[in-house]
Amino acid sequence: MIELDEKFIKEIYIPREPDGYKGDYGHTFVVAGCKGFEGAAYFATMGAIRTGSGLVTLGTHSDVLDHLSVKLNEAMTVSIENITNVRQMLDKCTSIVIGPGLGDNPRNYDLLKKIVVCGSSPLVIDADGLNLLAKDLTLLDKRLCPTVLTPHFGEFSRLTGVPIDELKKHKIEHAFDFARKNNVILVLKDHKTIITDGKEIYINTTGNSSMANGGMGDTLAGIIASFAGQGYCTLKATLLGVYLHGLTGEILSRGMFCVNPTHLLEALPYIMKKYICNNNSNKILK
Ligand SMILES: NC(=O)C1=CN([C@@H]2O[C@H](COP(=O)(O)OP(=O)(O)OC[C@H]3O[C@@H](n4cnc5c(N)ncnc54)[C@H](OP(=O)(O)O)[C@@H]3O)[C@@H](O)[C@H]2O)[C@@H](O)CC1
Ligand SMILES: Nc1ncnc2c1ncn2[C@@H]1O[C@H](COP(=O)(O)OP(=O)(O)O)[C@@H](O)[C@H]1O
């Protein structure tokens, strides 16, 4: 079992080339949002933008597209009701995140199926993406793409059919078994988040309960997809994303009672630069 720390994460970081351009840093396709859950799509998309994805496209439902495209100046937007848009994005994106605020209905199940079966870029499945996947886990057998699942305990219970109390009692064993059997990277979100690929187990200790508010997980999903699309291997992208997300919340919480996704998004590039890109050892956590 490996506890994530500053030294471990700094070794994951890949410095940027001076002549790098947006095409070198990936194109994240975020499939998220529906009426009443626009915020989830906003946070996942911004999570990708604020962690350096070269390009980001949000695919969402037509009835929320205009509202979100006005708020998301740095992202492109497409309607997911037009399947040609989805096909084109699957061809050009370098990572995908599906689920935040998407809605759990048969049409979205078909969309998830299309993306799981036809996509080849690293795929992060979160929130309603997990609820849709829980209907038929064998969908995972049909995929080509490396896959990260990011459940909280409620979502993990739906995926496994195991009650939350039992999952909480033996969380490491359940997370490890699920990842191994389904050949996925599992991020079991918690006070101390567990990340496992079914071979190794990592524990993240950054973050605290100032972050216990809506949209934090949506933001994390966008961050992980962003790094996975920038050329980090999917496991390293996940470890870096989870650590950075918690670290940013924790550092902000020194001066704030609660840290909301908006605060986190604002601070992410500064914390990344100061504590992860920097070669000098910082005493981050005292
Ligand atoms: N601004 C926006 O647009 C936002 C949009 N959002 C979107 O909303 C959608 C629904 O997502 P959701 O997570 O709110 O609901 P759901 O999946 O039903 O899970 C709750 C169930 O799980 C249980 N549970 C047990 N342990 C738990 C734990 N540690 N952490 C969390 N839950 C735990 C919990 O138990 P209880 O608290 O009742 O004891 C309850 O039974 C999704 O698409 C998401 O993206 C949100 O992100 C918010 C901001
Ligand atoms: N007490 C805590 N300590 C550390 N991290 C926390 C704590 N509470 C919440 N978080 C982090 O916030 C995120 C919450 O995710 P999630 O429940 O999926 O939120 P949402 O569905 O509202 O987006 C997770 O990454 C979790 O690890």
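Guide: A residue is near a molecule if its C-beta atom, placed from the backbone, lies within 6 Å of it. The model here is predicted. Around ligand 2 there are 18 residues, and the closest are Gly207, Ser209, Ala212, Met216 and Gly217.

Visitor: Which helix gives the largest share of the shell around ligand 2?

Guide: Helix H10, residues 216-229, supplies four residues, the largest share. By class, this shell around ligand 2 holds five nonpolar, ten polar and three charged residues.

Visitor: How many residues surround ligand 1, and which are the closest?

Guide: Ligand 1 is surrounded by 16 residues, with Gly39, Ala127, Phe153, Gly154 and Gly214 the closest. Two or more residues each come from helix H2 (38-49), helix H7 (153-160) and H10. The largest share, three residues, belongs to H7. Six nonpolar, seven polar and three charged residues make up the shell around ligand 1.

Visitor: Where does UniProt place the feature "binding site"?

Guide: The unreviewed UniProt entry places it at Ala40, Gly101, His152 and Asp218. Ala40 lies in helix H2, while His152 is in the loop between strand E7 (147-149) and H7.

Visitor: Is Ala40 buried or exposed?

Guide: A residue is buried if 20 or more other C-beta atoms lie within 10 Å of its own. Ala40 counts as buried because it has 27 C-beta neighbours inside 10 Å. Leaving aside residues up to four places away in sequence, Ala40 touches several residues, including Gly101 and Asp218.

Visitor: How many other C-beta atoms lie within 10 Å of His152?

Guide: There are 18, so His152 is partly exposed. Beyond residues up to four places away in sequence, His152 touches Lys189 and Gly217.

Conventions:
Residues are numbered from 1 along each chain as its sequence is written. Chains are lettered from A and ligands numbered from 1 in the order in which they are written. This is a predicted model: local features need pLDDT of at least 70, side-chain atom pairs count only at pLDDT 80 or more; totals for chains, interfaces and linings use all residues. Ala, Val, Leu, Ile, Met, Phe, Trp, Tyr, Cys and Pro count as nonpolar, Asp, Glu, Lys and Arg as charged, and the others, Gly among them, as polar. UniProt positions are given in the numbering used here, feature names are shortened, and annotations may be inferred rather than shown by experiment. A residue is buried if 20 or more other C-beta atoms lie within 10 Å of its own, exposed if 12 or fewer, and partly exposed in between; C-beta atoms are placed from the backbone. Two residues are in contact if their C-beta atoms, placed from the backbone, lie within 7 Å.
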